[in-house]
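Let's walk through a protein model together, one part at a time. Keep the picture in view as you read, and look up each residue when its name comes up.

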Amino acid sequence: MTADVSEQVTDADLVAAYRRDPELFTAVYDRYLRDIYRYVAGRLGTQVAEDITAETFLLAFDRRDRFDPEVGGLRPWLFGFATNLVARHRRKEARRYKALARLDPAPVVEGHEHRVVTSVSAQPYLAMALASLNGGERDVLLLMVLGQLSYSEIAQALGISLGTVGSRLSRARAKIRALNDKETTHE
């Protein structure tokens, strides 16, 4: 097995391989780096995304023997580490969304991360809504939107029940909808 892993190799295969040879953990890195980076960049910006992404994989490597494929996949497991690291930056994240809400719409810039920032800054009510969400609501919403995780993957990543995922997502959507409604009535 090389670091140039095809999508046909399952997470369980990757785990078995890196348990035999820790150097094969690079296959996990190669497979999930882009997803984790986009998620972190979308939440904290590109300036810290590389550091947080690297720290995510370092933590995962250090704890690789604790991963249990019976519990779930590598992807949500990695997103759990990333989300916990993002939580350390929550105050900065909330300040960033509040600042974006005060900005004029930015010109279109290439790259996924920049499109997310541009999209948020172009819709001040969305940036303000994200800033107004509590940490749990923001985590669930952004794992779904930026990480493109399913409900069950979000539950695994955060160590919460499916019902909690649903209720947090419902509250987050309601807050965003309410703020959007308030914005549209003031136009």
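**A walk through the chain**

The protein chain exposes about 10100 Å² of surface, and carbon and sulfur atoms supply 50% of that area. Such accessible areas come from the Shrake-Rupley method with a 1.4 Å probe, and for residues only the protein chains shown count as cover. Please remember that this is a predicted model: local features need pLDDT of at least 70, side-chain atom pairs count only at pLDDT 80 or more, and totals for chains, interfaces and linings use all residues. Residues are numbered from 1 along each chain as its sequence is written, and side-chain values use heavy atoms, with hydrogens and water left out.

What does the secondary structure come to? The protein chain has ten helices and zero strands. Read along the sequence, its pattern is α-α-α-α-α-α-α-α-α-α. Helices (H or I, at least four residues) and strands (E, at least two) are DSSP runs, numbered from the N terminus.

Of the 187 residues in the protein chain, 44% are buried. Here, buried means under 20% relative accessible area, exposed means over 50%, and partly exposed is in between (1.4 Å probe, protein chains only). Now for contacts, where contact means heavy atoms within 4.5 Å. Among contacts in the protein chain between residues at least 6 apart in sequence, 62% join residues at least 24 apart.

Asp 11 is found in helix H1 (residues 11-20) and is buried, with a relative accessible area of 17%. Leaving out residues up to four places away in sequence, Asp 11 touches Arg 31, Tyr 32, Gly 73, Leu 74 and Arg 75. Take Gly 73 from that list: Asp 11 and Gly 73 are 62 residues apart in sequence, yet 6.3 Å apart in space, C-alpha to C-alpha.

Arg 31 belongs to helix H2. Is Arg 31 buried or exposed? At 14% relative accessibility, Arg 31 counts as buried.

Let's stay with helix H2, where Arg 38 lies as well. At 22% relative accessibility, Arg 38 counts as partly exposed. The side chain of Arg 38 makes a polar contact with the side chain of Asp 35 (3.2 Å). Arg 38 and Ala 49 are eleven residues apart in sequence and 8.0 Å apart in space, C-alpha to C-alpha. A second pair to find is Glu 50 and Tyr 37, which are 13 residues apart in sequence and 6.8 Å apart in space, C-alpha to C-alpha. Glu 50 is found in helix H3 (residues 46-62) and is exposed, with a relative accessible area of 57%.

Next come the aromatic rings. Rings of Phe, Tyr and Trp (its six-membered ring) pair if their centres lie within 6.5 Å; planes under 30 degrees apart count as stacked, over 60 as edge-to-face and the rest as tilted. By this rule the count comes to six aromatic pairs. The rings of Tyr 39 and Phe 79 have centres 5.2 Å apart and planes at 70°, so this pair is edge-to-face. Because Tyr 39 lies in helix H2 (residues 26-44) and Phe 79 in helix H4 (residues 74-87), the pair ties together parts that are 40 residues apart in sequence. Both Tyr 39 and Phe 79 are buried. Elsewhere, Tyr 18, Phe 25 and Phe 61 form one aromatic cluster.

Finally, look at helix H9 (residues 151-158), whose buried residues are Ile 154, Ala 155 and Ala 157. Why are they on the same side of H9? They cover an arc of only 165° around the axis, which puts them on the same side of H9; the arc is that of the directions from the helix axis to the C-beta atoms. H9 is followed by Gly 159, whose phi is positive, near 70°.

Definitions and conventions: Polar contact = N/O pair within 3.5 Å; in protein donor to acceptor, adjacent residues only side chain to side chain.
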